[in-house]
Amino acid sequence: MKTRIVSGIQPTGNLHLGNYLGAIRNWVRMQDETAAAGGDCFFFLADLHAITVYNDPAELRANVRAMAAALIAAGVDPARATLFNQAAVPAHAELAWLLNCTARIGWLNRMTQFKEKSGKNREGASIGLYAYPVLQAADVLLYGASHVPVGEDQKQHLELARDIATKFNTDYHVDLFRLPEPIIPPAAARIMSLRDGGAKMSKSDPSDASRINLTDDVDTIAAKIRKAKTDPEPLPDTAEALDGRPEARNLVGIHAALGDESVADVLARHAGQGFGQFKPMLAERLVETLRPIGARLAELARDPAELDRLLAAGAARARDAAAPMLAGAYDALGLSRQQPAAG
């Protein structure tokens, strides 16, 4: 069977450099490598997952568009990968309910992310927040995924998906669901705030100077890097020597991530330089990387109907791909979606 990668990303607005280097760029690489090997990718905006906590409806709708635009601008090609928003394919929600009836409370009680996300307000958390790993299982099993990219925090959820698939197949004597294997992407760069090297770059930071937005123009990028917090010491010749220098480590790390290098590689070239020399080179590399993305984002912003058309086309392909698996699940359970003939 051919390789099929399925992955989702929660829609967030005001996308920045951390989003691009941490997740979006990996999707583009997976798309290209999988297509070259004769496989395919299904990438979705996880708007059903987003509503496990309260979201302003208008903001969520805008964020779905913004994330889709960013993915396309960064290189996800809707002609080569199936790109859609999750809610446009009702089979996700349908299969999630069917799988809720196979999953076990004991399995979900072991999911550590619910404990982390609900915090001290566990009794006040939504049922969706508790059960969303079952929706994640439906997301990947629905398309017969062979592989799912997972970080360290999601390995447990993929194991749950495999357990649910195995139990369903065994209970109903079918060979319906494929057991997906994990893909562990290369360690994503951890991009920190330009104002505080101890905090992640975030859209929620009140200071716009703390982040590089994907929509920032050339002058804005240059100004933000020029004003980024640093220290007076020159760059060292080893990565270990950056310990205790979070802002310096962050800027070197951004430079390394943009060039697919290690921090050691960057330091080998720039050791001894002060930030007065290093920052302009970093700004130039950022501009070179982000200029085409920003231009494509602006183009999509001028034509939202085209963006909606691309998402609608992806959703139609996803619905067609999902239909046989959903029908197989209903059939295995003895459920009929057709009205009985009149007697």
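This is a predicted model: local features need pLDDT of at least 70, side-chain atom pairs count only at pLDDT 80 or more; totals for chains, interfaces and linings use all residues.
**Entry 1: Asp139**

I started from the UniProt record, an unreviewed entry, which places the feature "binding site" at Asp139. I located Asp139 in helix α7, residues 127-141. Is Asp139 buried or exposed? I read a relative accessibility of 2% for Asp139; the cut-off for buried is under 20%, so Asp139 counts as buried.

I then listed what Asp139 touches, leaving out residues up to four places away in sequence: Val6, Phe44, His49, Gln86 and His92. With His49 I also noted a polar contact, side chain to side chain, at 2.7 Å.

**Entry 2: α3 and α13**

I looked up how helix α3 (residues 57-74) meets helix α13 (residues 304-333): the axes come within 11 Å and cross at roughly 85°. Angles of 65 to 115 degrees count as roughly perpendicular, so I logged α3 as roughly perpendicular to α13. From α3, I found Arg65, Ala68, Ala69 and Ile72 in the contact; from α13, Pro304, Leu307, Asp308, Leu310 and Leu311. I sorted these residues by class and got 7 nonpolar, no polar and 2 charged.

**Entry 3: α10 and α11**

I next took helix α10 (residues 246-258) and helix α11 (residues 263-270), which pack at about 105° with their axes 8 Å apart. On the α10 side I recorded Val252, Gly253, His255 and Ala256, and on the α11 side Val263, Val266, Leu267, Arg269 and His270. By class, I have 5 nonpolar, 3 polar and 1 charged residues for the contact of α10 with α11.

Methods: Residues are numbered from 1 along each chain as its sequence is written. Side-chain values use heavy atoms; hydrogens and water are left out. Axes are lines fitted to C-alpha atoms, for helices over the stretch in contact, and angles run from 0 to 180 degrees between N-to-C directions. Helices (H or I, at least four residues) and strands (E, at least two) are DSSP runs, numbered from the N terminus. Contact means heavy atoms within 4.5 Å. Ala, Val, Leu, Ile, Met, Phe, Trp, Tyr, Cys and Pro count as nonpolar, Asp, Glu, Lys and Arg as charged, and the others, Gly among them, as polar. Angles under 35 degrees count as roughly parallel, over 145 as roughly antiparallel, 65 to 115 as roughly perpendicular and the rest as oblique. UniProt positions are given in the numbering used here, feature names are shortened, and annotations may be inferred rather than shown by experiment. Buried means under 20% relative accessible area, exposed over 50%, partly exposed in between (1.4 Å probe, protein chains only). A polar contact is a pair of N or O atoms within 3.5 Å; within protein, one must be able to donate a hydrogen and the other to accept it, and residues adjacent in sequence count only if both atoms are side-chain atoms.
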